[in-house]
Every structure is written in structure tokens, then in C-alpha cells.
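Here's a quick briefing to read alongside the sequence and the 3D view. Keep both open and find each residue as you go.

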Amino acid sequence: MQKPNKRLEQQTCIITGSSGGIGAAVAKALGTEGANIVVNYRSSKEAAEEVAHWVNSHQSCGEAIVLKCDVSKEEDVKALFKQTISHFGTVDVCVANAGLQIDHPLHEMPLEAWKKVLDVNLTGQFLCAKEAINEFLRRGMREEVSRSLGKIIHMSSVHEEIPWAGHANYAASKGGLLMLMESICQAYAPHKIRCNSIAPGAIKTDINKDVWSTEQGKEDMLKLIPYKRIGVPEDIGSVASWLASDESEYINGTTIFVDGGMTCYPGFTTNG
Ligand code: BGC
């Protein structure tokens, strides 16, 4: 657990898909900064409640509540923001994290698998960003709390840059996020909204468990990571809390890769 240093006191953060994995670590990390936390889940209510309980039982943290929402549904996302605002008063930080993989070779990929991944990973992040921007603009500046009107963090992936055969729907959704994030920055930075992405590499979560949980899979994964360590969700949590805070105020419209060097293409070290 990172040291509590109160960088997000009196701020409210929605973290979508935070019942487990990277989202849960981000929720705990932002909570540790003193923020109020909305733990969002789609189906894992009990796991979400555990994350909220963790936040609520740590003194340095703000208050956590649990809200259900399928980010691919506009009415759900609207309700998520409405309930958050009625409970906490406003939203200061939106971490659009919910995402999934449904992998198939392209020539066998059912249209449904393509659509589902785009709906959650890209449309879901658009819907959350849209609601967040509307709330930031409605609420106006709270200089005593932050020098920015609001902060949006998109959870992207190294696959916004690295092509990924067998996962074209996922890679396309993350590539799309890059342009979504940059376009938001271009339009709303003059309003003092900050919009950035975090691009995790191989982080040990359920999404890639079938790979890291076997000896062979782990060995293959490590070949892709110059730093020779598979990441853990807390690696992302600590970057997210800094990126949400005023310490990173002048960072806008950027992707921060948190990948142990994966995007430096280690396969080329002795070849090519
Ligand atoms: C994917 C993981 C994968 C990692 C590195 C992530 O975005 O969700 O399954 O291990 O990228 O390839």
C-alpha cells in the first residue's frame, strides 16, 4: 500500500470496473489519497463491496460507496453519475477503467465478439467521459480542491500501440481510445479539464490469468518485458493517483505507459 499523502482530499472519484484487478487497485490507491470513491461493478457485487469496505476501514481514505452500472449502456452511465452526484455532490475524477477481452482469430471472430468489446472498451469510455465533462462544466472550478476543473483517466493498454493478432477487437478498441483521449484534450483543455490515458502492459489480473498461471505462459510473457517482472495492479494504482493529482497538472492529452518496457519491443534486442 502506498503512503497516504492526501493528494485527493475532498475529491470524488468514479472508477469503473473496480470490483477487481486494476480497477480495484486504482480505487484503493485513490482512496488512500483521501478521496471519496465510487466502486463500480457490473456483476460482482460482493467483490465490489469488499473493495469499498477496504476503503471505508482505512482512516486515511475518504468514503466509498458501491454502484452497479454496465458502462456500455447510456442509461446506466447516466444513473451512475446521477447517484454519485446526489451522494457526494459532484465528481472530480473519472477513471474509465472497465474493459474486457473476447479473443478470436480475426477470420473466425463472431460479429458479437467484435461489438461487445468495442461497446464496453470504447463506447463505455466515451459515455463515461461525456458524463464527467458535463458534470465538470456544470459544477465549475473549485480552486481550494484542485487547479483543474476535472480529470479523466482512460485505462488503455500497450495495445493502443502494439498490434495484437488474435485480439483485433481489443487492439482496435484501445487504438480508438488514443484518439478519443486526444480529441477530448484538444476540445476541453481550455476549460481546464485534463484527459490522459494509462497504458498498462502485462499486469497480473484475471484478464490474462490463462497466460501467467502456467510456467510456459509466464516464461513467454517475461520475454516481452525488458524489466523482467510481470506487473501487479498496484503498479497502476500508484500512477493513477499521481495522474489524478495536481502534481501532474501540466500533463494533458498523453498516454503514460506502465509496462516494464514492453513497448520497447525486446524481440529486437538481438535481431532485426
Ligand atoms: C491485456 C493483457 C495482456 C497485456 C500485454 C493487456 O492490455 O489485457 O491480456 O497481457 O495487455 O499484452
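What follows is a short tour by topic.

This is a predicted model, so to speak of a local feature needs pLDDT of at least 70, and side-chain atom pairs count only at pLDDT 80 or more, while totals for chains, interfaces and linings use all residues. Residues are numbered from 1 along each chain as its sequence is written, and side-chain values use heavy atoms, with hydrogens and water left out.

**The ligand and its surroundings**

- Gln101 has a polar side-chain atom 2.6 Å from an oxygen atom of the ligand.
- Tyr170 also puts a polar side-chain atom 2.6 Å from a ligand oxygen atom.
- For Asn208, an N or O atom of the side chain is 3.2 Å from an oxygen atom of the ligand.
- Taken alone, the ligand exposes 310 Å², and the protein buries 90% of that. These areas come from the Shrake-Rupley method with a 1.4 Å probe.

**Helix 8**

- Helix 8 covers residues 233–244, twelve residues in total. Helices (H or I, at least four residues) and strands (E, at least two) are DSSP runs, numbered from the N terminus.
- From first C-alpha to last, helix 8 reaches 17 Å, close to the 16 Å expected at 1.5 Å a residue. The expected span is 1.5 Å times one less than the number of residues.
- Pro233, Ile236, Gly237, Val239, Ala240, Ser241, Leu243 and Ala244 are buried in helix 8. Buried means under 20% relative accessible area, exposed over 50%, and partly exposed in between (1.4 Å probe, protein chains only).
- In an α-helix there are 3.6 residues a turn, so residues three or four places apart point the same way.
- What do the buried residues of helix 8 pack against? They pack against helix 1 (21–32), strand 4 (93–96), strand 5 (150–155), strand 6 (193–200) and strand 7 (255–258).

**Asn196, in strand 6**

- Asn196 sits in strand 6 and is buried, because its relative accessible area is 2%.
- Setting aside neighbours within four places in sequence, Asn196 has contacts (heavy atoms within 4.5 Å) that include Ile152, Met181, Leu243 and Thr254.
- A polar atom of the Asn196 side chain lies 2.9 Å from the backbone nitrogen of Thr254.

**Thr263, after strand 7**

- Thr263 is in the segment after strand 7, and it counts as buried because its relative accessibility is 15%.
- The side chains of Thr263 and Asp259 are joined by a polar contact of 2.5 Å. Such a contact is a pair of N or O atoms within 3.5 Å; within protein, one must be able to donate a hydrogen and the other to accept it, and residues adjacent in sequence count only if both atoms are side-chain atoms.

**Two positive phi values**

- Most residues other than glycine have a negative phi.
- Gln10, in the segment before strand 1 (12–15), has a positive phi near 65°.
- Tyr265, in the segment after strand 7, has a positive phi of about 45°.
- Gln10 is exposed at 55% relative accessible area, whereas Tyr265 counts as partly exposed at 34%.
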